[in-house]
Amino acid sequence: YDRWLVALSRGGADATVVREWDLPSRSFVTDGFVLVEAKQDVSWIDRDAIWVGTDAGPGSLTDSGYPRTVRRWARGTALADAPVVIEGSPSDVLVVVERDDTPGFVRDIATRVIDFYTAERRLIGADGRSTPIEVPDSAEVRLVREHLLVELREAWAVGGRTWPAGALLAIGLDAFLAGDRSFEPLYEPTPTSSLAAIVPTRTRIVLDILDDVRHRLEVRIPGPGGWRAEPFPGVPGMASVAVRAVDADGSDDCFLTVTDWVTPSSLFLARPGEPPALLRRLPDAFDASGHEIVQRFATSADGTRVPYFLVRPRDLVADGRAPTLLYGYGGFEVALTPAYNPMVGHAWLAAGGVYAVANLRGGGEYGPTWHSGAVKAGRRHVHEDLAAVADDLVATGVTSPGRLGVMGRSNGGLLVGNAITLLPDRFGAAVCEVPLLDMRRYHRLLAGASWMAEYGDPDDPDEWAFIRTWSPYHNVPAGTPCPPTIILTSTRDDRVHPGHARKMAARMRELGHEVRYFEQLEGGHPGAADNRALSTTRALAWWFLRERLIG
């Protein structure tokens, strides 16, 4: 572990330059592995060879701009001479090969990502031949020592049983490759729970489970008679918990990082059979002593129960006067769980604001079915869920439409774009960051083609018919006023093209809507390249909200 492959980004972009770094001498390696700027992926094979997926010339990238081929590159040879080991098609998202260097179980896994939610996986042998791992393309696959773990996104009939979407199955890898399909279930979802993370340690697996968007940890331990379950005590109910193995090859100890909306991150050491021990806690960045966290549920247009978190003063009077910010995302199976945010604390909570976070469909809060019901034509459910939460905030006396703001970034920026065009009467201000907004052309801009499994194909007339109904750029109203809006983006965003933001701002101004616009020259998709730039964009956003909603 004395050599690193260091990826350096220009202005925060996804594209990077890769250079080899020698740790003992603290210098870049003369004649080491060097890759010019591209969206790329690398993985060590051994000290003198790496797997490389990069822009190797015409035909080496997918339509999404990611590597279409992976080469085995040996030290001292030209990249152009490195043999191609796996190749995808132009319509794929990308291909990648990674080495699992677990002692005793060293192997190389090739993944051909067909779209955002489907992939083919193969084991690459020492002779270069590949063996397919024959599970559903929509499933997630983990190789953990001698075990094959399969997390299902769709129901799967195999081995005489039908396993539900969201289940986690286990089997011995060698037995599976020999034809055995007698899987054991390590986890099966319930109507309110889903699997958030799988964390292997030396002899066990820790499961991070969300139950009504609250973390619960459980342990699974393999043995001669199969897998057995054990509890993982000492985890708080309203907090987010991130689990990491201390040394997955050498012990069963785990680090736990625990936080919530008003509590800074705390680091715990958890050993089997012992309660977690606090190692360190970050200092408070703002005074949250007068605030509390509550979880509520709104009812969407089709009767679906939609959870949301509310961070509010303990003595809040339900008179509809509290300035309130509603944050949402609703896509790509991403779950929004509690997280400490000093900027929210300083800029909003300390000024008397209420902060709400909506767990909309399209996210991963309740597993793959919570997501899949809101893709493509089902995306209208995301906007209906947002409307339901906004209405519930008003109906319960927290706020009123004129004092309710909405904020989101990236896919959440698309959500905000639809909030101001489809739901303009529900909000008094909007912050739209690094957004997708022109859904007629998104798939032709940068990485956009990789998201068609989420949004649909605008070139297909049937799919454009429903995309058109929630393409914000095409739905800016001419007669109805949109809420005052600020749009923030980055020139160096090479994931979501800044053209989305530019066009939307121009269109809104053309039709007489109040819109402010700011574009950082650098920052990539995060929107800011360093803390100075981040403080600028955050100050603009929060001052705008305070000006509009607090006064």
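## Terms and model

The model described here is predicted.

## The second largest pocket

The second largest pocket has a volume of about 480 Å³. Its lining is made up of 25 residues, and those closest to the centre of the pocket are Y327, N341, Y355, R409 and R538.

Several elements each give two or more residues to this lining: the helices α2 (342-347) and α9 (531-550), together with the strands β30 (354-358), β31 (404-409) and β33 (485-490). Helix α9 provides the largest share, with four residues. By residue class, the lining of the second largest pocket has 17 nonpolar, five polar and three charged residues.

## The cavity

Rolling a probe the size of a water molecule over the atoms shows where empty space is left. In this model the count comes to one cavity of 30 Å³ or more. The volume of the largest cavity is about 30 Å³.

Lining the largest cavity are W261, V311, A339, N341, V344, L349 and Y355. Six of these lining residues are nonpolar and one is polar, while none is charged. N341 and Y355 line the largest cavity, and both are also among the residues closest to the centre of the second largest pocket.

## Packing of α4 and α5

Helix α4 covers residues 380-395 and helix α5 covers residues 411-422. The two helices pack at an angle of about 70 degrees, and their axes are 10 Å apart. Angles of 65 to 115 degrees count as roughly perpendicular, and α4 and α5 are therefore roughly perpendicular to each other. Their crossing is right-handed.

Which residues of α4 and α5 meet? On the α4 side they are V382, H383 and L386, and on the α5 side they are L415, N418, A419 and L422. The residues of this contact comprise five nonpolar and two polar, with no charged residue.

Definitions and conventions. Residues are numbered from 1 along each chain as its sequence is written. This is a predicted model: local features need pLDDT of at least 70, side-chain atom pairs count only at pLDDT 80 or more; totals for chains, interfaces and linings use all residues. Side-chain values use heavy atoms; hydrogens and water are left out. Axes are lines fitted to C-alpha atoms, for helices over the stretch in contact, and angles run from 0 to 180 degrees between N-to-C directions. Angles under 35 degrees count as roughly parallel, over 145 as roughly antiparallel, 65 to 115 as roughly perpendicular and the rest as oblique. A crossing is left-handed if the near helix is turned anticlockwise from the far one by less than a right angle, and right-handed if clockwise. Contact means heavy atoms within 4.5 Å. Ala, Val, Leu, Ile, Met, Phe, Trp, Tyr, Cys and Pro count as nonpolar, Asp, Glu, Lys and Arg as charged, and the others, Gly among them, as polar. On a 1 Å grid over the protein atoms alone, a cavity is a set of points where a 1.4 Å probe fits but cannot get out, and a pocket is an open set with protein on both sides within 12 Å along at least five of seven lines; lining residues have an atom within 4 Å of a point. Grid points are joined across faces, edges and corners, and a volume is the space filled by probe spheres set on the points.
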